[in-house]
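Please work through the exercises below with the sequence and the model side by side, trying each task before reading its solution.

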Amino acid sequence: MGGTSSKLPKDLLSEYQELTFLTKQEILMAHKIFSELQDRENGLYSSRVSMEKILTLPELKSNPFRKRICHVFSTSDMKDGSLSFEDFLDLLSAFSDSATLEIKSHYAFRIFDFDDDGTLDARDLEKLVNSLTGETDDTRLTGEEMRQLISNILEESDIDKDGTVNLSEFQHVISRSPDFVSSFKIVL
Amino acid sequence: MPRHKLIASESDVSIEVDVGKDNEFSLYYVEVEENSQGGQEKQTTRDGKRRRERNGEVSRRRASEKRTTEVDTKRAEKKHEKRHKTARKEGEKHEKRQRRKNADEEEAEEESNKEKKNIKNERTKTLRRDDEKEKDVKKKRKKHVKNEEDNANSGKTKQKDCHDMPLKEKKKKRKKPETTSESESKSESDSAPESKDNQAVGVLGSLTPEELEKLKEAVDERKKLIATMRGKPWPMKKKLVVLRESQEFVEKYEGALGKGKGRKLYAYKVMIMKKWMKFQRDFENFKTACIPWEMKIKEIESHFGSSVASYFIFLRWMYGINMILFGLTFGLVMVPEALMGKPYGSIPRKTVPREEEASAMNFAILWDFGGYAKYSVLFYGYYNSQRAIGWLKFRLPLSYFLVGVGTVAYSYMVVIRTMARNANEEGGGDDTSFNFSWKTFTSWDYLIGNPETADNKFASITTSFKEAIVEEQESRKDDNIHLTRFLRVLANFLVLCCLAGSGYLIYFVVRRSQKFALLGLENYGWWERNEVNMVMSLLGMFCPMLFDVISTLENYHPRVALQWQLGRIFALFLGNLYTFIIALMDAIQLKRAEEEIVKKNMTIWQANLYNGTVPDNSTAPPITVHPADIPRGPCWETMVGQEFVRLIISDTMTTYITLLIGDFLRAVLVRFLNNCWCWDLEYGFPSYSEFDVSGNVLGLIFNQGMIWMGAFYAPCLPALNLLRLHVSMYLQCWAVMCCNVPQERVFKASGSNNFYMAMLLVILFLSTLPAIYTIVSIPPSFDCGPFSGKTRMFDVIQETLESDFPAWFGKMFSYASNPGLVLPFLLLLVLAIYYLQSTSKTYKRVNMELKKKLQTQNEENKKKNKLAALKAANELEQARKAGEQRSSSASDLGVNEESSSIDEAGHHRQAGQNGRFIHPSQSQHTQNSEPPVSSTHTTTRPPASRGHTSSGHLPGHPQQPQKNSHSNRR
């Protein structure tokens, strides 16, 4: 244990276990990884790790939503997407295997809500689709296709027909999906 | 902590709260508010001793908000001094920030309160009163915990708590009772809390068991909250605060709960519970630590996505099952026989016959599981029929039989249980009403951590989008349907030909091998000896490729094509397996005929042996003959076991060799020849191979089927399989990582899990059929195996019942097993199945109806919402025209209240929707009119009540009351 335990007191560890869907090993692992990221922050030591550092993690590197994920889980006052260790644990907990559908869908919604306005409107959806189809031009959808796609999505999911998908509508859709829980996972 | 830091954090918070976009604020407003409340409560209790002081503060604050900040800071400092030294720095800091936020919120709150003059002022008053009273309580409680009166008091407050809790959001169950009352006073009408408060004051002096009960309930609620906290989407800070508070609460009151004698017991119980929880958690940790290959699978997951990883998870699952099977056969059959049974060479069945002795140690023979391997615990024939062996009086034949049955029963249980669990998880996964939404919201696989895979995934998502759009646009264009039909029929015909051909080939080969066996295998080479297995393996290797080619004729959608392909391979494997079994049955008949001859010869041989001596003189010492020289029957059971073992071995070998040649060699060639080749090998023809998930899973399933089939006659099979799976795990992991490329056509992992399981179940059933048939209908060999000498294998049960159990038990058993009882029982079972089936059908129908109802409900809601929104907009417009600039914000509120009250009169559930519809236009309105009075940011912020109602109703439950509608958004 040595260094790890000195940094992560036992009672805090048990509290973390209580509050997340992670096991003890996972928390310790997360702590190790997090401290490594911290140490790379040359010079001054801070309790937060900047978004750039977090995004160097291989688990997040190729994720098209990596920046959104950081922003959603960050409790930083600066809105810079930097994560404290607790934020990091929150992230891992939400993406862990045993997290409930409810919490996963909640965070998924916030990740997809690019402008943080509490609903997924057409612009959010467009951004979302663009993130899914990748950055290169040849995989992009044309404007016509995009329009069609978004109108289809809204037709399906927008139950109250206000032109946006809100959280409960989103959760309604997600809860029937067979794949969501198994794919909305990040394992360290 | 120095003061300036506090101030800095305060400013931080104000930035967060105020500078943030209006919309955003309205979304997360409630959360912030909750936060602040939490902090506030905590603070209140902690500062219980300083009640008077704080009361002063409160009044002061009410007088001027400007000073509040200062006061709060002071308070914070005091509190800080008071704080425990061991408190963690981090927690402290964030708690303080919370408090700052809280102060800020209070400020804002009060400003808005001021604006909403009449009602809101009263509310504030109630709030304060609440605060004060609670502080009273808290103070007393702290001073003398033992005082029951205090308990009564708190019990009373708790009671209130409990009543409200179920209705409210769990979140509001805060540590201190005041929270609930506070939030309650906020969200409900103002008179109610007041009266409740009065009640609380009235009962303050008495304690009844009822109230104790309430307190207990409250404690239980806390506990539940602690247990469910991890499922709440709050930031960790908040969770930590709430957790600590709840734990404190529970600790404090749990001990005080029991009275007199009960108290000790209760405390003891609580302690045990705590220990138990801890143990459970540790055990959970231990369990996850024991799961093997987690890292390997994770790595594959990140490179190839969840579909490839699902194969390895399936493999691991299989490994687990085989581990159990192995444990059973090894522990209860092989080890007892090896340790306690008669040693090798003591009786004929445990000795290598004389004519085989010379070659019994040859590697080729051993590899073929002949020679010494054949006469060992690995096979059925070695076991002795002695009823009880060793000093333990271990009933080996019985154990052998029960283990055979038990392995199958266990497998059934596990497979069916897993299937049921999967079915649960899948829910209504097959309805396609959210096709596009699912594609958008759930298609990304967050496990992917490899750029190349990510690119593939991007491409496949794009394709699926485009496909879906095209499909949507032109629902179906049938160009030359006749040609397609003809091609499909042709393809199926070809496939059938292939299947029949392969079946015949196997039958032919098996018959030929029997001929070889009759003539003596020694005269033939390796090929003749291993012909059957090789042919089966080769067919299993090449036929799927052929099917793949044929399926291009059909022009199906990839998903459908994949299913066809899987179905065909399944049929092929099954056909091969069954041809093999039928051929084996023939072999069994041959052996039994041979056995008859041997039996006859045996008597002649015996007569020859006792030649000259008087056979009926039993006292004469028997002539000792070495067991190797005694003639013996062919023992068909061992033969069957051997066949299966050989099959498994050759199957394993082919799998590994295919892996090495097909994947590794190909990858090496492509990689290194690419530099000196005329076309691009990496992207051109050979390319790297993809990992064939479905084919591999099928292979695994069939392999398992063979294990189930053969395990009864060769107890070593589970062990062999375990070895094979273990090696497979490492070899395939390595092969996948080093020579495969991520799939282009992604086969969804979760949807197919139950498909695989269903196949496994079918295979399990089909493989137990022949095993059961042989056990039940063919008499065991007369001179080998644990059941030798009996007419049927299951007679061992009868024998045990007669000799090991009291007579009445046997009688009862025979009564129970007579047809008169069994048949009604079967009938009952059938009836039960029928009943369950029809109930499930009914449920399904009810479900469908409910779905329909929901849809119509939603339609209705939509209309009403539109109407309500229109009305509200109209009224807003009027108010805007009527109101001067000065009172614009106030009139705004009035309109909102009015409209919601109208709504409530009509439909309660509309409130949430309504609020949401009003909100945007209203805030826009406020911005447009730019009220000069509200120069501060707080006026543009929607008041708390609207913050609550800003979410829509849950589509699935449109009738839920308003309170629940905001619980959904957290």
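## Exercise 1: a charged pair in a helix

Lys864(B) is partly exposed, with a relative accessible area of 23%, where buried means under 20% relative accessible area, exposed over 50% and partly exposed in between (1.4 Å probe, protein chains only). Before going on, note that this is a predicted model, in which local features need pLDDT of at least 70 and side-chain atom pairs count only at pLDDT 80 or more, while totals for chains, interfaces and linings use all residues. Residues are numbered from 1 along each chain as its sequence is written, chains are lettered from A and ligands numbered from 1 in the order in which they are written, and side-chain values use heavy atoms, with hydrogens and water left out.

Task: find which side chain meets that of Lys864(B) in a salt bridge, and describe where the two residues lie.

Solution. Begin with the contact: the side chain of Lys864(B) meets that of Glu860(B) in a salt bridge at 3.5 Å, N to O; the term stands for a side-chain nitrogen of Lys or Arg within 4 Å of a carboxyl oxygen of Asp or Glu. Helices (H or I, at least four residues) and strands (E, at least two) are DSSP runs, numbered from the N terminus. Glu860(B), at 39% relative accessibility, counts as partly exposed. Finally, turn to the record: an unreviewed UniProt entry lists residues 840-873 of chain B as "coiled-coil region", with positions given in the numbering used here, feature names shortened, and annotations that may be inferred rather than shown by experiment. In the model, that span is 100% helix and 0% strand, and its end C-alpha atoms lie 48 Å apart.

## Exercise 2: other salt bridges

Task: compare the setting of the salt bridge between Asp116(A) and Arg68(A) with that of the one between Arg646(B) and Glu643(B).

Solution. Over all chains, the structure holds 17 salt bridges. In the pair of Asp116(A) and Arg68(A), N and O are 3.1 Å apart. Asp116(A) lies in the loop between α8 (101-112) and β3 (119-120) of chain A, and Arg68(A) in helix α6 (residues 66-73) of chain A, so the pair ties together parts that are 48 residues apart in sequence. Asp116(A) is partly exposed, with a relative accessible area of 24%, whereas Arg68(A) is buried at 9%.

Now take Arg646(B) and Glu643(B), whose closest N and O atoms are 3.4 Å apart. Both of these residues lie in helix α22 of chain B, 3 residues apart, which is about one turn of the helix, and both are buried.

## Exercise 3: a nonpolar patch

Solution. The patch covers about 970 Å², and among its residues are Phe363(B), Trp367(B), Met653(B) and Trp734(B). Patches are made of residues with over 30% relative accessible area and no salt bridge, like charges being joined within 9 Å and nonpolar side chains (Val, Leu, Ile, Met, Phe, Trp, Tyr) within 5 Å; accessible areas come from the Shrake-Rupley method with a 1.4 Å probe, and for residues only the protein chains shown count as cover. Phe363(B), found in helix α14 of chain B, is exposed at a relative accessible area of 62%.
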